[in-house]
Every structure is written in C-alpha cells, then in structure tokens.
Amino acid sequence: MSAVTSRPPRHEQRNVLPWLVMPALLMFLGFAVLPLVGVFALSFTTWDGIGAIHATGLTSWRKVLSDPGLPHALWVTFLVMAVSWAVQTPASILIGVFLAGRQRYRAVLGVVYFIPLMLSSAAIAIAYKALLNPNFGLGAGLDIDLLSQDWLGRPGLAFGVIIFVVSWQFVPFHSLIYQGGVQQIPKSLYEAAQLDGAGRVRQFFSITLPQLKYTIITSSTLMVVGSLTFFDLIFVLTEGGPGDATRVLALDMYKRGFQASLMGPASVIAVILVLVGLLLALLLRRLGGRDAGASQLEGV
Amino acid sequence: MAISRRTLLGLAAGVPVSAALAGCGSSGPGSGTGATYWYLNGQPQEGVRAGAVDAFNKANSKTQIKDTTFQNDAYKTKIKTAIGAGKAPTIIWGWGGGTLRTYVEAGQVEDLTSWFDQHSDVKKRLFPSSFGAATVDGKIYAMPCETVQPIILFYNRRVFEKIGAEPPKSWDDIMSLVPKFLAKDIAPFSLGGQSRWTNMMWLEFLFDRIGGAELFQSIIEGEKNAWSQPDAIKALTKVQDLVRAHGFVKGFSSITADSNADQALLYTDKAAMMLHGAWSYGIQKNDGKKFVPSGALGYMTFPPVEGGKGDPSDTVGNPAQYLSISSKASAEQKKVAKDYFATGVLQDEEVKKWIDNGSVPIRLGTEKLLASSESADFLKFTYDIASKAKVFAQSWDQALSPTAAETLLDNIVKLFQLSVSPKQFADNLNAVTGK
C-alpha cells in the first residue's frame with residue numbers, strides 16, 4: 001500500500017513531460033528549423049556573402065535549375081547513395097550476423113572492426129589520400145605497380161575510392177545495428193528449423209533475413225539519408241574532382257556558396273537537398289509496409 | 001502550472017536567438033582593445049609574419065595585435081565568410097585585385113588614400129608597382145606588404161644532366177623534352193593540379209607569350225567573346241597538347257599544392273621542371289635538404305612560343321601581398337592597425353628574414369642586402385624580373401571577381417582533364433566574364 005501512495009499523482013507526471021521535451025525541442029528549433037527557414041528565404045535572393053542581400057525572386061532558382069551542373073551533381077549523389085548502399089548492406093549484415101554468434105575471438109574481432117568508426121572522417125580521408133598518392137604513397141613505397149594507380153586523379157577510380165573509404169568507415173556502425181537485430185531473434189526459431197533439417201544457409205535466408213526486415217529498413221534509411229550529406233570525406237579526398245566526377249550535391253552547394261560567393265544558388269541547392277532527404281526518408285518508411293508497427297514475432 | 005502550447009513556442013523562439021547572440025559576442029571585432037590579424041600559415045613565411053607581429057607587440061606594450069593563422073585554400077573561404085558575417089579581423093591579409101574590389105564595393109574595408117597622403121614616407125619606401133592591385137577606382141584600400149612573387153619555371157639540374165639536355169628555350173623545346181624525360185621514367189613537369197590555380201599559371205603564360213599582354217587585358221575589361229579569340233584558343237590547345245603528351249606528372253589532378261607534394265616531386269628527382277611562384281624557392285630550400293645548396297635547383301623565365309606576340313620579359317604573379325583594415329573595427333583597433341602599417345610592416349628585421357628565405361621584399365633600396373645573401377643569385381633573378389618586366393600581370397584568380405574566378409578555375413581543371421575542348425572552355429567563360 002505504501003508503494004502506491006508514494007508514487008506521484010498522475011496529473012503532475014503529465015506536467016513534467018513538456019519540460020523534459022524542452023531541451024531537445026529547443027536544440028531542434030535553433031539548429032535545424034531556424035537555419036532551414038533562413039536558407040529558404042536566402043534562396044530567393046542574390047547575395048555574395050559580403051555585401052547587401054537583394055531579394056531577386058526566382059532568379060537563383062532559374063539559374064540553378066537550368067545549370068547542367070545540377071543534374072550531374074544529382075546523378076553523382078544518387079550513384080554514391082546506391083552503390084554505397086549496395087556495398088555496405090551485404091557486408092554489414094554478414095559481419096553483424098557473424099558478431100552475434102558465439103565464435104572464438106568474436107569480442108576481439110568486434111573491437112577491431114569497430115576502429116574505423118572512432119576516427120574522424122577528415123583524418124581517414126587525409127590518411128587514404130597519403131596512402132593512395134601515386135608518387136609517394138603505398139604503391140610507390142612498396143614498388144607495387146598495381147597499387148600506384150592514379151587513384152584520385154581518374155574519374156572512375158576516384159569514385160570507386162570514395163565508395164571504398166565510405167564503406168570502410170561506416171560498415172562497422174551498420175554491423176553493430178545488425179548484430180543487435182540478430183541477437184533479438186528468438187533462439188527457438190533456429191531450434192525448430194534445425195529439427196526440420198534446415199542447414200545454416202537455409203536458416204540465414206529463411207529466418208535471419210526476414211526477421212531483420214526492420215533493422216534493414218532502419219540501417220538503409222541511415223545510409224541513404226546520410227549519404228546525401230557526405231561532405232568532409234569527399235572534400236578532403238578529391239574536392240569533388242577530378243573535374244566534377246565526384247561533385248555531390250553537398251559539395252556543389254559549398255563550392256557555389258563559399259568559393260564562388262553565390263549564396264542564392266547555394267541556398268537553392270540546400271533546399272533541394274532537404275527536399276530530397278525528406279522524400280527518401282518517407283519513401284523508405286513506406287517500404288516498411290502498412291503494418292510497420294506490427295510485430296515480427298507473431299505466433300512465436 | 002501547466003504549460004500552454006503558446007508559452008512553449010514563445011520560449012522556443014526566444015531562447016536560440018539569445019543563445020546565439022551570447023555565443024557570438026566573444027570574438028567580434030568590436031570587443032577587446034587589441035587589433036586582430038589573420039594570415040596564412042606554412043613555413044618559412046609564417047615565421048616571418050609572426051616575427052613582425054611579435055616585434056611590434058614588444059615595442060608597443062599598450063597596443064597589442066593578436067594573430068591567427070590559416071591554411072591557404074581554407075583561408076580564402078574563411079575570410080570571405082567572416083567579413084560577410086561582420087566578424088572580420090581588424091587587419092585583413094589578402095592578394096588585392098578582384099577580391100579586394102568586392103570588399104570595397106560592400107563597404108567592408110577602410111579607404112587608406114588620405115592616410116597614405118599623410119604618411120608619404122611609408123608609400124615612398126615600397127615598390128611603386130605594388131600599389132596597382134591595392135587600388136580600386138583610383139583609391140587605395142590596402143597596404144602592400146611582404147614580397148614580390150613572380151611565377152618562375154624551376155628545373156632540376158641533376159635530371160637534366162642525367163638525360164643530357166639543356167633547359168628549354170622555346171615551347172617546341174618543351175614539347176621535344178617531354179618524351180626524353182618520359183623515356184627515363186621522369187615526369188617532365190610537376191603539378192599540384194587539385195589546387196587549380198597551379199594549372200592556371202600555365203594558361204597565364206601561354207596567353208601572354210602567344211597573344212601578348214593585351215589578350216588577357218581584353219578579358220579583364222569584359223570584352224565580348226574575349227576568350228574565343230584565335231590566340232586564346234591557340235593557347236588553350238597548346239596546354240592540352242602538353243597534357244596529351246603526358247607532360248605532367250602522373251596523378252597531377254589529385255596532388256595539392258598546400259601539402260607541397262608538387263615541390264617534393266622536383267627535389268626528389270621524380271620531376272624535371274615545375275612552373276610555380278617564387279615562394280617555392282624558400283620551400284625547396286627548407287624541405288629539399290641539399291637540393292638548393294648544391295645548386296641543383298635551376299630557374300628561368302617561361303620561354304617564348306614560336307610566332308607568339310608576347311614580350312619574353314612579361315611576367316605574371318603576385319606583385320605583393322596586401323593588408324586592409326576592416327571598416328567594422330573600432331576606432332582604437334583601426335589606429336593600432338595603422339600604427340602597425342607605419343612602424344611594423346617591412347621593418348629591417350622582417351626584410352632581412354624574407355631575404356634569408358630567398359624572397360625579394362617589396363621595400364626599395366635592399367640591393368646590397370640582396371647581393372650579400374646566400375641566395376643572392378636567385379634574389380637578383382627575381383628582383384630583375386620584378387623590376388624589368390614590361391608587364392607584371394596579377395594572377396588571374398586574384399584579378400577577377402570571386403564568382404568569375406571560380407568558373408575559371410573549375411573550367412581550367414576540366415581543360416587539363418581533357419573533358420572540355422578549348423572551344424567549350426571559351427564558351428563557358430565568355431558567359432561569366434563578358435559584359
């Protein structure tokens with residue numbers, strides 16, 4: 001009885017809730033909504049970043065939408081998104097499943113896999129840039145011709161390098177998500193499958209993968225929306241080059257705004273980035289199906 | 001004590017703004033008594049700049065200058081953003097020209113014309129040619145400082161001996177040297193192509209040697225279709241010829257000049273020649289160990305192109321570096337900055353240090369110091385170029401407005417990548433520089 005009376009009355013509890021939300025809400029408003037409104041307003045102006053801001057209506061929008069640089073940047077962004085998803089997802093699932101098992105040295109290997117995630121993107125990019133330098137890098141140092149390609153100087157190769165480095169950095173993070181997902185799967189499912197004579201491969205495709213459906217959606221959303229804003233890594237590695245071979249939307253925005261002093265068009269691209277990001281996130285949620293809230297464990 | 005939605009929104013709207021205001025107050029130009037000064041890092045130049053500030057601070061214990069350093073390419077964006085946000089340092093380091101013009105047009109820098117009239121002794125002790133890029137519409141907005149930096153063709157004598165060849169005397173010599181070096185697995189030219197302005201130096205010289213100084217002048221003046229003149233197309237074609245012949249080091253488009261990797265190629269005998277600013281001498285002396293003292297570093301002006309109109313004495317580069325004063329600074333800070341211009345910039349100690357590093361300071365009457373330096377030959381060479389050049393053009397990316405310069409640099413990279421033809425290059429640029 002005493003336990004019941006010591007609990008605070010219900011209405012008081014409800015009053016505390018808004019206060020708990022406040023810090024997060026304020027951060028969100030101050031650092032996400034407010035700048036967003038600012039950028040939207042700037043996209044209807046002409047501003048060199050130094051002088052006065054002139055409202056010029058749709059001039060910046062027209063300029064950007066008619067620039068062949070935009071479809072190119074969109075295409076590169078899409079390619080980075082799609083290819084890095086296609087490389088990272090299978091790798092992350094396999095590593096995640098492996099780490100969730102009970103093999104020897106699993107914990108040690110888990111820590112080793114995790115290391116890239118603890119390094120800053122800029123540091124990773126600088127290290128790879130040095131390693132891949134065709135004249136002073138790894139290939140030249142070890143005298144291996146295969147390794148002393150012009151890695152960052154040829155469009156196709158530079159794109160491949162970026163996908164590789166991005167994957168190298170983020171696969172550990174997604175593996176961690178999958179590891180957690182796999183550990184949630186009830187052991188009874190596997191036991192039943194074993195009794196029915198299903199082998200390891202069959203178990204993976206018939207139990208593990210379907211049970212990971214929502215984990216896959218979560219991880220894919222993070223990958224896809226995250227790859228829209230890849231900036232630091234590409235900026236340090238190639239600066240969008242060679243030429244504009246790796247110039248993704250985020251880099252295009254930076255270059256227009258801060259190097260060419262065209263804040264209006266840069267804001268237009270920022271707005272496009274936000275719209276594409278929202279659209280993709282919504283789309284991925286839809287992929288989860290209408291019963292997204294339903295349990296995967298029905299009948300277990 | 002329920003919170004209504006309205007109070008929540010009210011709080012939400014109010015707090016970030018006040019928080020933001022509180023967050024910004026610390027480093028604003030109006031606060032504090034001392035002046036602030038931002039400049040480029042990277043030795044050996046950084047040490048000389050810091051030394052001049054230290055000396056001034058020591059001599060004036062009441063008025064202090066607080067200095068902060070930045071990497072070259074990062075500084076170019078940082079300073080623009082800071083000025084735009086009203087957070088500029090008191091003393092703005094720069095290259096003059098087109099960028100200075102945008103500051104002037106936005107009313108962000110002080111007009112120094114009358115100050116120079118009052119302090120004619122300051123003006124008189126500097127190279128007269130250095131004031132061109134500090135002047136916008138007849139008024140002076142910057143104090144020229146530091147050194148004169150023409151672009152020079154550096155070469156490695158060791159590798160020239162190895163293949164038994166002489167330095168090029170013409171463009172045709174350059175083209176015939178290329179296969180000879182390639183046969184010995186030496187890159188004919190080192191180039192830090194990712195930095196973009198490095199590629200631009202090639203066009204600056206080819207435009208001058210083929211079309212004469214008038215060619216780029218017509219571009220600066222915004223003449224219609226100036227980039228598609230036959231001489232311009234010829235120069236653009238020549239540079240692509242050199243790229244096609246593998247004249248530039250493998251991987252040049254991913255090498256940055258900020259890391260000095262392009263210089264390293266030259267002093268490690270991996271490349272034979274390099275077109276670079278005169279400041280490169282100091283870097284090679286600093287980093288190249290025995291390379292410079294042993295006399296292996298050769299230098300010459302860019303050779304003429306057969307049938308070209310340009311005067312071979314013409315050069316291009318940075319006539320000086322420039323210091324402007326932010327118009328947003330307090331009166332007190334402006335006074336400190338002006339005192340620094342009068343009694344801190346290019347004093348004897350700084351002049352001596354520049355000379356020791358192999359640069360020619362823009363102060364007049366240093367001939368004796370130059371001649372007695374351990375780098376006397378190179379300094380005389382630079383001094384002669386600077387003082388005898390018929391035309392000393394300012395680097396294009398500094399002479400043009402930032403917007404036009406960005407399009408230019410972007411297209412230059414594509415030109416070197418062979419992903420645009422000379423004609424496409426000209427069309428793209430006519431669209432931004434023509435009136």
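In which crossing does helix 9 of chain B pass helix 11 of chain B? The tour comes to that pair in its second part.

This is a predicted model, in which local features need pLDDT of at least 70, side-chain atom pairs count only at pLDDT 80 or more, and totals for chains, interfaces and linings use all residues. Residues are numbered from 1 along each chain as its sequence is written, and chains are lettered from A and ligands numbered from 1 in the order in which they are written.

**Chain A**

Start with the annotated spans. UniProt, in an unreviewed entry, lists "domain: ABC transmembrane type-1" at residues 74-284 of chain A; UniProt positions are given in the numbering used here, feature names are shortened, and annotations may be inferred rather than shown by experiment. Select residues 74-284 of chain A: the span is 77% helix and 0% strand, with its end C-alpha atoms 19 Å apart. Helices (H or I, at least four residues) and strands (E, at least two) are DSSP runs, numbered from the N terminus.

The unreviewed UniProt entry also lists "transmembrane region" spans in chain A, including 73-100 and 151-171. Residues 73-100 of chain A are 100% helix and 0% strand, and the end C-alpha atoms lie 39 Å apart. For residues 151-171 of chain A the figures are 81% helix, 0% strand and 22 Å between the end C-alpha atoms.

Now select helix 4 (residues 69-100) and helix 8 (residues 155-184) of chain A. Their axes come within 6 Å and cross at roughly 40 degrees. Axes are lines fitted to C-alpha atoms, for helices over the stretch in contact, and angles run from 0 to 180 degrees between N-to-C directions. Helix 4 and helix 8 of chain A are therefore oblique to each other (angles under 35 degrees count as roughly parallel, over 145 as roughly antiparallel, 65 to 115 as roughly perpendicular and the rest as oblique). The contact between these two helices of chain A has 16 nonpolar, ten polar and no charged residues. Ala, Val, Leu, Ile, Met, Phe, Trp, Tyr, Cys and Pro count as nonpolar, Asp, Glu, Lys and Arg as charged, and the others, Gly among them, as polar.

**A helix pair in chain B**

Go to helix 9 (residues 197-211) and helix 11 (residues 230-244) of chain B, which pack at an angle of about 135 degrees with their axes 9 Å apart. Helix 9 of chain B passes helix 11 of chain B in a right-handed crossing; a crossing is left-handed if the near helix is turned anticlockwise from the far one by less than a right angle, and right-handed if clockwise. Show the side chains: among the residues that meet are Trp202(B), Leu203(B) and Phe207(B) from helix 9 of chain B, and Asp231(B), Ala232(B) and Lys234(B) from helix 11 of chain B. Residues are in contact if their C-beta atoms, placed from the backbone, lie within 7 Å. By class, this contact of helix 9 with helix 11 of chain B holds eight nonpolar, one polar and three charged residues.

**The sheet in chain B**

Next, display the open sheet of five strands in chain B, with order 2-1-3-12-6 and mixed pairing (two strands pair if DSSP finds at least two bridges between them). Strand 2 (65-70) and strand 6 (143-145) of chain B are at the edges with a single partner strand each, so one side of each has no neighbour in the sheet. Strand 1 (residues 35-40) of chain B runs parallel to strand 2 of chain B, joined by six bridges. Ala35(B) is opposite Ile65(B) in strand 2 of chain B.

**Where the chains meet**

Finally, show both chains: 36 residues of chain B are in contact with 28 residues of chain A. Elements of chain B that give two or more residues to this side include helix 1 (5-24) and helix 19 (402-416).

Key. Contact = placed C-beta atoms within 7 Å.
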